[in-house]
Amino acid sequence: MSYVDGFVLAVPTANKSTYQQHAEYCVDIFREYGMEKLVECWGDDIPEGEVTSFPMAVKLKPDETVVFSWMIWPSKAVRDEAWKKIMEDPRMDPERFEMPFDGKRMMYGGFTVLVES
């Protein structure tokens with residue numbers, strides 16, 4: 001069964017194009033290591049919550065947009081091995097490019113698929 005990595009982050013709205021270029025750059029590298037699909041979603045209708053919400057979770061600032069994304073892997077084993085290699089890949093060296101978002105406010109996690117249709 002597939003395995004999913006999910007992410008929620010805040011990106012400066014002015015960095016939308018830069019973020020998209022960053023994602024397009026990374027997708028080819030991730031595919032080399034076994035990722036099957038990447039979906040990057042730019043927030044469009046993200047309500048504020050009273051108890052919790054996407055904006056609250058990432059401490060969204062007025063000049064930022066919530067991004068929701070996920071990657072599909074063939075299995076957790078493939079994903080685990082891939083991330084080791086991705087983090088060692090010189091093309092992913094943070095010195096090569098500046099991240100177009102604050103990684104400290106990014107939420108992420110790995111998920112076992114329960115239902116897929």
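Modeller: A residue counts as buried when its relative accessible area is under 20%. Let's keep that cut-off at hand as we look through this predicted model.

Biologist: Happy to! Why is S69 called buried?

Modeller: The relative accessible area of S69 is 2%. The cut-off is under 20%, so S69 is buried.

Biologist: Where is S69 placed, and what is S69 in contact with, leaving aside its neighbours within four places in sequence?

Modeller: S69 is in strand 3. Apart from those sequence neighbours, its contacts are D5, G6, F7, Y19, V39 and E40.

Biologist: Nice. Now the sheet: what makes strand 2 and strand 4 edge strands?

Modeller: Four strands form an open sheet in the order 2-3-1-4, with antiparallel pairing. Strand 2 (37–42) and strand 4 each have a single partner strand, so one side of each has no neighbour in the sheet. On average, neighbouring strands are turned by 15° against each other, direction ignored.

Biologist: How do you know that strand 2 and strand 3 pair?

Modeller: Pairing takes at least two bridges, and six bridges join strand 2 to strand 3, which run antiparallel. V39 stands opposite W70 in strand 3.

Biologist: And which strands does helix 1 lie across?

Modeller: Helix 1 lies across strand 1, strand 2 and strand 3, and runs at about 170° to strand 2. Helix 3 also packs on the sheet, where it touches strand 1, strand 3 and strand 4; its direction makes about 120° with that of strand 3.

Biologist: How do you know that the span of helix 3 agrees with its number of residues?

Modeller: At 1.5 Å a residue, its 13 residues should span 18 Å. The end C-alpha atoms are 19 Å apart, which agrees.

Biologist: Why do you say that the buried residues of helix 3 line one face?

Modeller: R79, A82 and I86 are buried in helix 3. Seen down the helix axis, the buried residues fall within an arc of 65°, so they line one face of helix 3. They pack against strand 1, helix 1, strand 3 and strand 4 (107–112). The face turned away from that buried side carries the exposed residues A77, K84, M87 and E88.

Biologist: Lastly, which residues have the most contacts inside the largest nonpolar core?

Modeller: Those are L9, F30 and W73, in a core of 17 residues. Strand 1 (3–12), helix 1 (16–32), strand 3 (64–73) and helix 3 (76–88) each supply at least two of its residues. Helix 1 gives the largest share, five residues.

Technical notes. Residues numbered from 1 in each chain as written. Predicted model: local features only at pLDDT ≥ 70, side-chain atom pairs only at ≥ 80, totals over all residues. Heavy atoms only, no water. Core = buried A, V, L, I, M, F, W, Y, C linked by side-chain atoms within 4.5 Å. Buried < 20%, exposed > 50% of the residue type's maximum accessible area, 1.4 Å probe, protein only. Contact = heavy atoms within 4.5 Å. Expected span 1.5 Å × (residues − 1). Arc of directions from axis to C-beta. Axes fitted to C-alpha atoms, helices over the stretch in contact; angles between N-to-C directions.
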